[in-house]
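Welcome to this short tour.

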Amino acid sequence: MNYMGKIVKEREFLLVKSRGKKDKVRKRRTKLKWTLNMIQSVFIFRRRFIAFITTVVLAILPIQVDALTATHPTGSADRLDVDEGPNDPLEPLNRLTFAVNELLDFVVIRPVAEIYRAIFPETIQHGITNVLDNLFAPVVFFNHVLQGEAERATVTVFRFLTNSTFGLFGLVDVTTELGFPRYDTDFNQTLMAWGVDTGPYLILPLIGPSSFRGTIGYVADYYADPLNIYLNNRHHFKYHYWLTVRYGLYTISQREKLIETLDNLRNSSPDFYVTMRSIYFQRQAYIAEKLKVANNMQQNTQPQKTKKTG
Amino acid sequence: MIKRLVCAIMAILFYSQAAFSDGVSPDSTDEARQFIEDLGRRAIASLTKVSVPQSQLESSFKSLLEEGFDVSSIAQFVMGRYWNRMTPHQQNRFIPIFENRLIKSYANRFQEYRGVDFKIKDAHQDADFVIVQSTIQKTGGPLTPVDWRVKNGKIHDIKVEGVSMSITIRDEYNALIQSNSGNIEQFLQTLSGGAVGE
C-alpha cells in the first residue's frame, strides 16, 4: 500500500508541476510515466496475488486428493500394524527436487554449516539461535491463539517481552532459566489442530521435506511475520538484505545441529529419499499426537500419568 | 493483564505438579524401566569410548543387540506384508543379513551420544507391550524424548522424537522390494551386497 501511495503522490506532484508550465507534451509524458508506474505496481502486487491464489489452491487440493484416494491413506496415522503406501503421488518430481537439494546441501549448505560450527563457540551459537527463535515469537503467538492454546500463548508473550528486554534482544533465554521453556509451533500445526491432513508429500526447493499442508504453513507464517511485513514494505535493498540474513542464518544454524544425524541417516539408508519421507510422516503424526495431549491437558480431561525418577 | 498472567502461570505450575503426582506402576512396567535403564547405561558406556577399533565397537554392539532386542520379531515386522511371501529358507537367510545391517549402521551412531544425560521417565502398558519413556540430553542441547517398546524383557522398537526405528526400516525395505519389482530374492541380494553402510 505504501508503494501505491507513493505513486499517487508522485503523479500529483508531477501534474502540478506540469500544469504550472502549461506544457501539454510534458503533461502527456507525465501521464505516460504514471501509467507505466501503475502497470509496474500491478506486477508487484500480482506477485502477492499469485502467492495468495497458490495458497488457496494448495489448501483445496489436499482435501480433494484425499477424497479421491480414500483407500490410499496419507500415512499420517500411526502405521505400526498396517502396511500402507505413502501419500506421495508426486514422487518423480519430489525425487528430482530432492536430488537438487542434496546437491546444494553438499556443495553449499553443509560446508557453510561446518564453517559456522568452526567459527562460533557454542555459547555464541546458542545466542544466535535464541535471537532467531525470539524473532519468531509473534508468529508462534498467533498460531497458539489460532489453536486455542491460551496458556502457551500467554507464555509466548511473557517470553518475548522478557527475553527481548532482560535477555538483551533475545540473546539470553532468561525465561527458560525461570522455568518457562519455548513452545514452538507454526501454521502447519495450526492446520493440523484444525483437522487438516498433511496432503501429498512435497519436497520444497532449498527448504526440503514438506507436504501440501506444510507448504501452506510456510507461506502463511512468512506473510504473517511482523518483521517480514516491515522489511518487505521498505523498498530498499538494505531491508531485503536483512531478510536474507535472517533466513540464511536460520537455515545454517538449524543445519549445523543436524550435521551428524543426517550424515548417519544417509550412510545407513538404502534409499535416503524414502528414509526422509518416512521420517517426515512419522514426525507429523507425532506432533499431532502431542498437540492432542496438550489440548486434553488444557481441558483437564485426560490426567497424564507420569512418574519421574533418576 | 498481570493478574491474568499470574493466573496462567499458576495454572501451568498446577498442571505440571499434577503431572508428577500420581501413578503406581505395576511390576512389569517397573521391571521394564529397570531393564532399559541398565541396558541404556551400558550401551552409552561401552559404545561411546574414544579410539576403540571398529571391530570391537561392532562386537560389543552385537552382544548388546542380541541380549536386549528381539531381532527376529523386528526382522519380521520390518518385512511387513512381504514376510509371509518369503519362503522359510528366505526368512532364515534374512534375519542374519538384517542383524548385520543393524550392526553396521548403528554401532557407530553412539559416538554421537558421548557424555549424554540419559534419564528414565514414565512407563506404561500399551496392549502386550510396555512403553518405557526416557530422555537423552547432550550438554547444552535440547531434551530428546526416546521411547522403548518392550515385550517379554526384549526391546521391539525405539522411537526417537516420534520416529520409530522399525517403521523407518520397514518403509525403506518396502520401497526397496518395490524397486526390485517385488522380487524377494533380488532384494535379499541387494541388501546383503552391502550397498549401504560401508
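## Briefing

A:Asp263 and A:Arg110 form a salt bridge, with 2.5 Å between their closest N and O atoms; the term stands for a side-chain nitrogen of Lys or Arg within 4 Å of a carboxyl oxygen of Asp or Glu. The pair joins distant parts of the chain, since A:Asp263 sits in helix H12 (residues 259-268) of chain A and A:Arg110 in helix H3 of chain A, 153 residues apart. This is a predicted model, in which local features need pLDDT of at least 70 and side-chain atom pairs count only at pLDDT 80 or more, while totals for chains, interfaces and linings use all residues. Residues are numbered from 1 along each chain as its sequence is written, chains are lettered from A and ligands numbered from 1 in the order in which they are written, and side-chain values use heavy atoms, with hydrogens and water left out.

**Salt bridges**

- Side chains of opposite charge can pair when their charged atoms come close.
- Over all chains, the count of salt bridges comes to 27.
- One of them joins the side chains of A:Asp105 and A:Arg255, at 2.7 Å from N to O.
- A:Asp105 lies in helix H3 of chain A and A:Arg255 in helix H11 (residues 237-257) of chain A, so this pair ties together parts that are 150 residues apart in sequence.
- Both A:Asp105 and A:Arg255 are buried, where buried means under 20% relative accessible area, exposed means over 50% and partly exposed is in between (1.4 Å probe, protein chains only).
- A:Asp263 and A:Arg110 are both buried as well.
- A:Asp263 also meets A:Arg266 in a salt bridge of 3.5 Å, N to O.
- A:Arg266 and A:Asp263 are about one helical turn apart, because they are separated by three residues in helix H12 of chain A.
- A:Arg266 is partly exposed, at 26% relative accessible area.
- A network of salt bridges links A:Glu102, A:Asp105, A:Arg110, A:Glu114, A:Arg255, A:Asp263 and A:Arg266.

**Aromatic rings**

- Rings of Phe, Tyr and Trp (its six-membered ring) pair if their centres lie within 6.5 Å; planes under 30 degrees apart count as stacked, over 60 as edge-to-face and the rest as tilted.
- By this rule there are 20 aromatic pairs over all chains.
- A:Tyr222 and A:Tyr223 make an edge-to-face pair, 5.3 Å centre to centre with 85° between the planes.
- A:Tyr222 is partly exposed at 26% relative accessible area, and A:Tyr223 is partly exposed at 42%.
- A:Tyr280 and A:Phe281 are also edge-to-face, because their ring centres are 5.6 Å apart and their planes are at 75°.
- Both A:Tyr280 and A:Phe281 are buried.
- One aromatic cluster is formed by A:Phe98, A:Tyr201, A:Phe272, A:Tyr273, A:Tyr280 and A:Phe281.

**A closer look at A:Tyr280**

- A:Tyr280 is found in helix H13 (residues 272-299) of chain A, and its relative accessible area is 10%.
- Which residues does A:Tyr280 contact, leaving aside its neighbours within four places in sequence? They are A:Tyr201, A:Pro209, A:Ser210, A:Ser211 and A:Gly214, with contact meaning heavy atoms within 4.5 Å.
- The C-alpha atoms of A:Tyr280 and A:Arg266 are separated by 15 Å, and the two residues are 14 residues apart along the chain.

**Helix H4 of chain A**

- Helices (H or I, at least four residues) and strands (E, at least two) are DSSP runs, numbered from the N terminus.
- The expected span of a helix is 1.5 Å times one less than its number of residues.
- For the 14 residues of helix H4 (residues 122-135) of chain A that gives 20 Å, and the end C-alpha atoms are 20 Å apart, which agrees.
- The buried residues of H4(A) are A:Gln125, A:Gly127, A:Ile128, A:Thr129, A:Asn130, A:Leu132, A:Asp133 and A:Asn134.

**Chain B**

- Chain B has seven helices and five strands.
- From the N terminus on, its elements run α-α-α-α-α-β-β-β-β-β-α-α.
- Of the 198 residues of chain B, 47% count as buried.
- Among contacts in chain B with a separation of 6 or more, 53% are between residues 24 or more positions apart.
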